[in-house]
Amino acid sequence: MSAAEARSGRSIVSLAQGEPDFDTPVHVRDAGKAAIDRGTTRYTDVPGTRELTQAIIRKFQRDNGLTFEANQITIGVGSKQVLYNALQATVDAGDEVVVAVPAWVSYPEMVRLAEGVPIIVPGKIDAGFKITPEQLERAITPKTKWLMLNSPSNPSGAVYSAEELKALAVVLGRHPHVWFMSDDIYEKILYTGKPFPTMAAVVPEMASRCLTINGVSKAFAMTGWRVGYAGGPAELIRGINLVQGQSVSHTSSISQAAAVTALDGPMDFLPPFIEAYRRRRDLVVKAMREIPGVKVMVPDGAFYVFPNCEALLGRKSPSGKTIATDLDLCMYFLEDAGVATVPGAAFELPGHFRISYAASDATLTEGMKRLQDACSRLA
Ligand code: PLP
């Protein structure tokens, strides 16, 4: 029972989590145990172990057609650390970073921590939650350092196609001072049936100013192991490693050993995960579409649905409270229906809320029923 459940004395259906509900595959867990028993328990090099660096080089080549040398790879404490290090290493006070939103909550905050200015560019639901080349062109100034893009996206599940990436690259081609940060952490959780496109591979001319970030958290259900990595130009990677070397040093030696097994090992555990996610996605989309006024885009990846709830705003709850914002709506869902969701404002796109379907079918079925009932009680 969660703390919120204990306080309220009722069951809470949590649809707010950002991690797989599956366990780390057995062979990867075994590799972690073996690393401890072998004594792989000491400091490693700051950029990561040689073994994991080589496994990452193989992964980029195999999955993405990207070729890297060892000095072009960095391994961090989750991809979150890599994103943070990259911004710390490159952003000076007042520099601008274009953030395509809805975006993961940490992006704007990390930019601010580096004393940069996040330039928020909204991808609306009618545009499939993606930004257009015209929007990007308008957002770029002489102060722009980066465009940060996450595909498949948390929270929308939107996936940029190769053609869409190429169109953005045309704009970036006119602004050679702008670099591209590609957050590919949800690469493997994809329902398009097509190969996953990433900028450095789709537009090879962009590779010299592209940081391609990935990790084992989502694909291998390894969120707690804290292993993320990136490939990019050697000079940028050197800067990232400088930040890392004076802060966290490196991620756990044991986790790095397990990640080698994850990246090099069999992937046959994955299709059943993806099938389960797809089934749950369809369950959530169907249920949300049954609520009058709620607009839903069918996500192409990740494990989130991001319904537009603007039609519900301005209505009153049974207790007479006006639901003015997406935050009010999520509070109402929590307090009246016992369902935890995340308001769109947290992702810089108000008027929406995020449902995570990394939960069992039974949990989702109960959650959807409660949300439908709660919405039908709004007047
Ligand atoms: N990027 C996005 C878009 C995420 O949603 C998350 C986690 O939720 C991360 C990065 C960080 O993942 P990790 O640090 O576990 O690799």
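Predicted model: local features only at pLDDT ≥ 70, side-chain atom pairs only at ≥ 80, totals over all residues.
## Elements and loops

Helices here are DSSP runs of H or I with at least four residues, strands are DSSP runs of E with at least two, and both are numbered from the N terminus.

Pro155 sits in the loop that links strand S5 (144-150) to helix H7 (162-173). The peptide bond between Asn154 and Pro155 is cis, with omega at about 20°. Asn154 also turns up in the ligand's surroundings, described below.

There's another cis peptide bond, this one running from Val101 to Pro102, where omega is near 10°. Pro102 belongs to the loop between strand S3 (96-101) and helix H5 (106-113). Then there's Ala221: despite not being a glycine, Ala221 has a positive phi of about 50°. You'll find Ala221 in the loop between strand S7 (210-215) and strand S8 (228-231).

## Around the ligand

Who surrounds the ligand? The residues are Gly78, Ser79, Lys80, Trp104, Asn150, Asn154, Asp183, Ile185, Tyr186, Ser217, Lys218 and Arg226.

The side chain of Ser79 puts an N or O atom 2.7 Å from an oxygen of the ligand, and the side chain of Lys218 has an N or O atom 2.7 Å from a ligand oxygen. Lys80 uses its backbone instead: a polar backbone atom of Lys80 is 3.0 Å from an oxygen atom of the ligand.

## Helix H13 and its partners

Two packed helices are described by the angle between their axes and the distance between the axes. Helix H13 (residues 361-376) gets within 10 Å, axis to axis, of helix H12 (residues 326-337), and the two cross at roughly 105°. Since 65 to 115 degrees counts as roughly perpendicular, H12 is therefore roughly perpendicular to H13. On the H12 side, the contact comes from Tyr332, Phe333 and Ala337, while H13 supplies Arg370, Leu371, Ala374 and Cys375. That set splits into 6 nonpolar, no polar and 1 charged.

Helix H11 (residues 270-289) is the other partner to look at: the axes of H11 and H13 come within 10 Å and cross at roughly 10°. Angles under 35 degrees count as roughly parallel, so H11 is roughly parallel to H13. H11 brings Arg279, Arg280, Leu283, Val284, Ala287 and Met288 to this contact, and H13 brings Asp361, Leu364, Thr365, Met368, Leu371 and Gln372. Sorted by type, the contact of H11 with H13 has 7 nonpolar, 2 polar and 3 charged residues.

Methods
Residues numbered from 1 in each chain as written. Heavy atoms only, no water. Axes fitted to C-alpha atoms, helices over the stretch in contact; angles between N-to-C directions. Parallel < 35°, antiparallel > 145°, perpendicular 65-115°, else oblique. Contact = heavy atoms within 4.5 Å. Nonpolar A, V, L, I, M, F, W, Y, C, P; charged D, E, K, R; others polar. Near = heavy atom within 4 Å. Polar contact = N/O pair within 3.5 Å; in protein donor to acceptor, adjacent residues only side chain to side chain.
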